[in-house]
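Have a look at the structure, then read on.

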Amino acid sequence: MNAAVNAAAPPDPGSLASHPRASLVLAPTPLHPAPRLSRELGVPILLKRDDLTGLGLGGNKLRGLEYIIADLRRNGCDCLVTGAGPQSNWTMLTALACLRYQVEPHVVCYGEGAASEGNMRLHRWLGTDVRFTGDPDRSSVDVGMAAVMAELRAQGKRPYLVPRGGATPLGALGYVRASVELAAQLTALGERPSALWLATGSCGTQSGLVAGAALTDAPYRVVGVAVSRPVAQCRERVRSLAAAAAALAGTAAAIGQPEVLDGWIGPGYGVPSPEGQQAARLVAATEGVFLDATFGAKAMAALVAECRAGRVRGTQVFLVGGGAPTLFAGSGGGPP
Ligand SMILES: Cc1ncc(COP(=O)(O)O)c(C=O)c1O
């Protein structure tokens, strides 16, 4: 394999280019071989470094935010409301993207007021308006967001609502576009991987990659590893979001049943798993790349297990999704 490929980003095909996009990502992100990890696992591994997207400490969510922030501006909104858990990479990157475009961010978190560490430390330092629902149930965020929307409207503001994780057809366009970028990098490397692996949470990233694989006629399967929601729910969400994103991107290619692997959540969402931590240590020790405990580590644990079981053939791409701030947060984040 050649060295990392970092040529200029390719032009957007067809109707992808017709969607306005705020500039947030330093694209293309590197795609590089992982030689020592490849030797350990017995198959060639390429790392797609979306932990290096550029804003804040990087991460996958910035790609969808490029379309979401552009849509907010087009609609004349002056503030944004979203939510998730206290260690959410999504809310942190959303707050930064908003500030960059002089939009006021408002964040709703489930649970009680959280310790000032990881992403919450960064929110407090930035002065983000963060509200807690007082309810550990993740869906309490949806009710909380509706209340903040009403409050802002009553103040005469023009708020823009983005669901948890930014998992909307428009947000998924970020990874449709990333697929075009990846296709150009693979061509330059002369690689035809058989699979692209990633962690699947709110499902927006996998949806975009599934639609993008159809758009670019990719040689690889997109393999999501469920780290948060039940696998049946992931498959249905990915299928419907991917179909909607494909329509927005102007491809008529059929979206089949998405591949989402079960069995890697471990003790629970946001709680490190022993297999995940072992896999993350392997990647840090062989390639010098940190994987976050909630997403990347658990997805890598699945890839490691499949390779060691001899079920993987040919080059594999692994999407490093970011989450660096959570390496510095208690049990929901970093290495034990
Ligand atoms: C670091 C990281 N990787 C992967 C994911 C999963 O992406 P999605 O929610 O689009 O499924 C997330 C989601 O927050 C994330 O923060």
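How much space lies in the largest pocket? About 940 Å³, where the volume is the space filled by probe spheres set on grid points joined across faces, edges and corners. This is a predicted model, with local features needing pLDDT of at least 70 and side-chain atom pairs pLDDT 80 or more, while totals for chains, interfaces and linings use all residues. Residues are numbered from 1 along each chain as its sequence is written, and side-chain values use heavy atoms, without hydrogens and water.

**The largest pocket**
- A pocket here is an open set of points on a 1 Å grid over the protein atoms alone, where a 1.4 Å probe fits, with protein on both sides within 12 Å along at least five of seven lines; lining residues have an atom within 4 Å of a point.
- Its lining counts 45 residues, with Gln87, Ser88, Tyr269, Thr294 and Phe295 nearest the centre.
- By type, the lining has 16 nonpolar, 23 polar (Gly counts here) and six charged residues.
- Domain 1 (14–60 + 169–328) and domain 2 (61–166), with bounds from an automatic or database assignment, each give at least three lining residues.

**The nonpolar cores**
- A nonpolar core joins buried (under 20% relative accessible area, 1.4 Å probe, protein chains only) Ala, Val, Leu, Ile, Met, Phe, Trp, Tyr and Cys residues through side-chain atoms within 4.5 Å.
- Among the 57 residues of the largest core, Leu65, Ile69, Leu80 and Tyr160 touch the most other members.
- Apart from it lies another core of 30 residues, including Val225 and Leu303.

How values were computed:
Buried < 20%, exposed > 50% of the residue type's maximum accessible area, 1.4 Å probe, protein only.
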